[in-house]
Amino acid sequence: VMEIAMTKPGVPVSLMDAIHDRRSVRDYAPQVLDHATIDALLDAAVLAPTAIHEEPWEFVILQDVNALKRISDRAKRFFVEEIHRAHLDRGGHRLDKFEQPDFNIFYNAGTLIVICARPVNPFVVADCWLAAENLMLAAYAMGLGTCVIGSALLGLNAPEIKVKLGIPADVSAIAPIIVGIPSGQPPATSRKKPQILAWK
C-alpha cells in the first residue's frame, strides 16, 4: 500500500491505515494550527472528486476563540429547537449536554474549517463532503484530529452569522469540521458490516 504521510515523525501511515484508524476527536489541546498546516489541509480537500469538474467548494477558517464560543452558543439553541420541532428528541437524554451553558459544540478546538458552496447543481453537497473526507484523512496523516460538527449547521447558516463570517447570502455552509491537536487518544468504535442489497 502506498505510504502517504506521517502521523508522527518517522512513522509512516498508509491510506488504508488512515481509513481504518481515523477517529472523531472530541477533546483538543489548546494550540492553534498555523497557516501552512491549514493550507496543506485545504490543498488535500480540493483534490477530491467533483461532478462535471465544478469544484464548487469555498472555505471559511475560523480561529477566533470568542467567535467560536458565540457561534456554539447560538448553534446549540437552534439545534435543540430543531430537534424538538422535528420530534427527534425521543426521551431527550441526547440533548442534555446541548442545554448546558458550558458545553462547547466545537469541543474547544482552536480551528473550525467550514466547507461552503452555492447550490449550482444537484451534486454540490456530495462534492463538499468528498472534500471533507479528503481533509479529514489528510489531517489524520499529519497527526491531527478532526470531527464533523453537524449540529453547527443551522447556526452557521443563520443570516446574521453568515454576514459576520463573510459568507455570501447565496452560499451555504455544508461541512463544518473542527481540526486540532488531539488531547489523548479517542477510543476505537465498532462499525456494522456492509449491508449488501444485491450482488448480481
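Helices (H or I, at least four residues) and strands (E, at least two) are DSSP runs, numbered from the N terminus. On this basis the chain holds 6 helices and 6 strands, and from the N terminus on these elements follow the order β-β-α-α-β-α-β-α-β-α-α-β. The structure is a predicted model, in which local features need pLDDT of at least 70 and side-chain atom pairs count only at pLDDT 80 or more, while totals for chains, interfaces and linings use all residues. Residues are numbered from 1 along each chain as its sequence is written, and side-chain values use heavy atoms, with hydrogens and water left out.

The C-alpha trace of the chain spans about 45 × 40 × 40 Å along its principal axes. The radius of gyration, taken over C-alpha atoms, is compared with a globule rule of 2.2 Å times the number of residues to the power 0.38. For 200 residues a compact globule would have a value near 16 Å, and the 18 Å of the chain agrees with this. The accessible surface of the chain comes to about 12,000 Å², and 58% of it belongs to carbon and sulfur atoms; accessible areas come from the Shrake-Rupley method with a 1.4 Å probe, and for residues only the protein chains shown count as cover. A residue is termed buried under 20% relative accessible area, exposed over 50%, and partly exposed in between (1.4 Å probe, protein chains only). By this criterion 42% of the 200 residues are buried. Contact means heavy atoms within 4.5 Å. Among contacts between residues at least 6 apart in sequence, 77% join residues at least 24 apart.

A nonpolar core is a set of buried Ala, Val, Leu, Ile, Met, Phe, Trp, Tyr and Cys residues joined through side-chain atoms within 4.5 Å. The largest such core has 31 residues, of which I105, F106, L112, I149, L156, L165 and I178 touch the most other members. At least two residues of this core come from each of β3 (58–62), α3 (65–85), β4 (111–117), α6 (159–165) and β6 (172–180). The greatest contribution is that of α3, with 6 residues. With its neighbours within four places in sequence left aside, F106 is in contact with L68, I71, S72, L112, I149, A152 and I178. A second, separate core consists of 24 residues, including A132, L135, I174 and I177.

Strand β6 is mostly covered, 8 of its 9 residues being buried. Two strands are taken to pair if DSSP finds at least two bridges between them. Strands β4 and β6 run antiparallel and are joined by 7 bridges; in this pairing T111 stands opposite V179 of β6. Strand β5 (residues 145–148) also runs antiparallel to β6, through 4 bridges, and V148 stands opposite I177 of β6. In a regular strand the side chains alternate between the two faces of the sheet.

Helix α4 (residues 124–141) has 18 residues and reaches 26 Å from its first C-alpha to its last, close to the 26 Å expected at 1.5 Å a residue. The expected span is 1.5 Å times one less than the number of residues in the helix. Buried residues of α4 are V124, D127, C128, A131, A132, L135, M136, L137, A138, A139, Y140 and A141. The helix is followed by G143, whose phi is positive, near 80°.

In helix α3 lies F78. Not counting residues up to four places away in sequence, F78 touches L154, G155, A158 and E160. The C-alpha atoms of F78 and E160 are separated by 13 Å, and the two residues are 82 residues apart along the chain.

The loop between α3 and β4 contains Y107 and N108. Neither is a glycine, yet Y107 has a positive phi of about 50° and N108 a positive phi of about 65°. Y107 is buried, with a relative accessible area of 16%, whereas N108 counts as exposed at 56% relative accessibility. In the loop between α6 and β6, A169 is exposed, with a relative accessible area of 77%. A169 and A44 are 125 residues apart along the chain, and their C-alpha atoms are separated by 27 Å.
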